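Here is a friendly set of notes to read alongside the model. Please keep the structure open and find each spot as you go.

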Amino acid sequence: MENQKGIIIAIDGHSSCGKSTMAKALAKRIGYTYIDTGAMYRAVTYYCISQNLIRNGRIDTESLQKKLPGLNISFITSEDGNQRTCLNSTDIEDQIRSMEVSAMVSPIAALPFVRSELVEKQRAMGNSKCIVMDGRDIGTTVFPNAELKIFVTASAEVRATRRYLEMKEKGGKIAYQDILDNVKERDRIDSTREVSPLRKADDAIILDNGNMTRDEQNGWLYKEYLKALERNGQ
């Protein structure tokens, strides 16, 4: 680890804008712990789908609220070094990346009791600092005092194209327009929900990575990390 004391790095932004990719890369480079909060909401969504708590687009909130405290969401590192999401000790990483989960994750994440429960879990994970956490409300709600806050964005079309190519590479068969519609709908729900809506923290640094390569955005983020260390006397 580059610094023993460490800081909290909060990366927020729109869906499918590469937050997780750059957060993972930075955490690996500097020896920090990476936490994908989006995966936590996806895990709850997958649970709802698998337990038939969503019928005709309607969420059985009463049942979910009773079951939620008993859900154990954790992360493991696979042999190839990638982080995988587990629900009650079962690896569900592949399942939570489906379009079925993507279509329902924003409505699930908008539920006040879901956000409250997961925010507390996320705060507990960051008690020891030295973390890179990405999501929608990390710099505004989870860690408003984070030493480095980044807000990532790109046009809906760019984000949909990235998602389409990613799913195509994995063998998925879905129309680009369906993905674009999903991206736009998630933006709408995330930005207008009652609790912790998606917005840029006043002291966050904006990164529009629409025309950047992965290496370029990773290099940019690493420089911002070094600046944050210097600002905090580390």
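1. Glu147 counts as buried, because its relative accessibility is 18%. Here buried means under 20% relative accessible area, exposed means over 50%, and partly exposed is in between (1.4 Å probe, protein chains only).

2. A word on the basis of these notes: this is a predicted model, in which local features need pLDDT of at least 70 and side-chain atom pairs count only at pLDDT 80 or more, while totals for chains, interfaces and linings use all residues. Residues are numbered from 1 along each chain as its sequence is written, and side-chain values use heavy atoms, with hydrogens and water left out.

3. What does Glu147 meet? A polar atom of the Glu147 side chain lies 2.9 Å from the backbone nitrogen of Ile8. Apart from neighbours within four places in sequence, Glu147 is in contact with Ile7, Ile8, Lys129, Ala228, Arg231 and Asn232, where contact means heavy atoms within 4.5 Å.

4. Next comes Asp134, in strand β8 (residues 131-135). Leaving out residues up to four places away in sequence, Asp134 touches Ile11, Lys19, Ser20, Ala23, Tyr34, Ile35, Asp36, Thr37 and Gly38.

5. Buried in α8 are Ile179, Leu180, Asn182, Val183, Arg186, Asp187, Ile189 and Asp190. Against which helices do the buried residues of α8 pack? They pack against α2 (37-50), α4 (99-109) and α7 (156-169).

6. Most residues other than glycine have a negative phi. Ser16, however, has a positive phi of about 60 degrees, and Ser89 has a phi near 75 degrees. Ser16 lies in the loop between β1 (8-13) and α1 (19-30) and counts as partly exposed because its relative accessibility is 25%. Ser89 is in the loop between β6 (83-87) and β7 (90-91), and is exposed, with a relative accessible area of 66%.

7. On cysteines, how many disulfides does the structure hold? The structure holds zero, a disulfide being a pair of cysteine sulfur atoms within 2.5 Å. For Cys48, the closest cysteine sulfur is in Cys86, 18 Å away, and so too far for a bond. Cys48 is buried at 0% relative accessibility, and Cys17 is buried at 0% as well.

8. Finally, find Asn72 in the loop between α3 (61-67) and β5 (73-77). Asn72 counts as partly exposed, because its relative accessibility is 40%. Not counting residues up to four places away in sequence, Asn72 touches Cys86, Leu87 and Asn88. From Asn72 to Asp203 there are 131 residues in sequence and 33 Å in space, C-alpha to C-alpha.

Terms used: Helices (H or I, at least four residues) and strands (E, at least two) are DSSP runs, numbered from the N terminus. A polar contact is a pair of N or O atoms within 3.5 Å; within protein, one must be able to donate a hydrogen and the other to accept it, and residues adjacent in sequence count only if both atoms are side-chain atoms.
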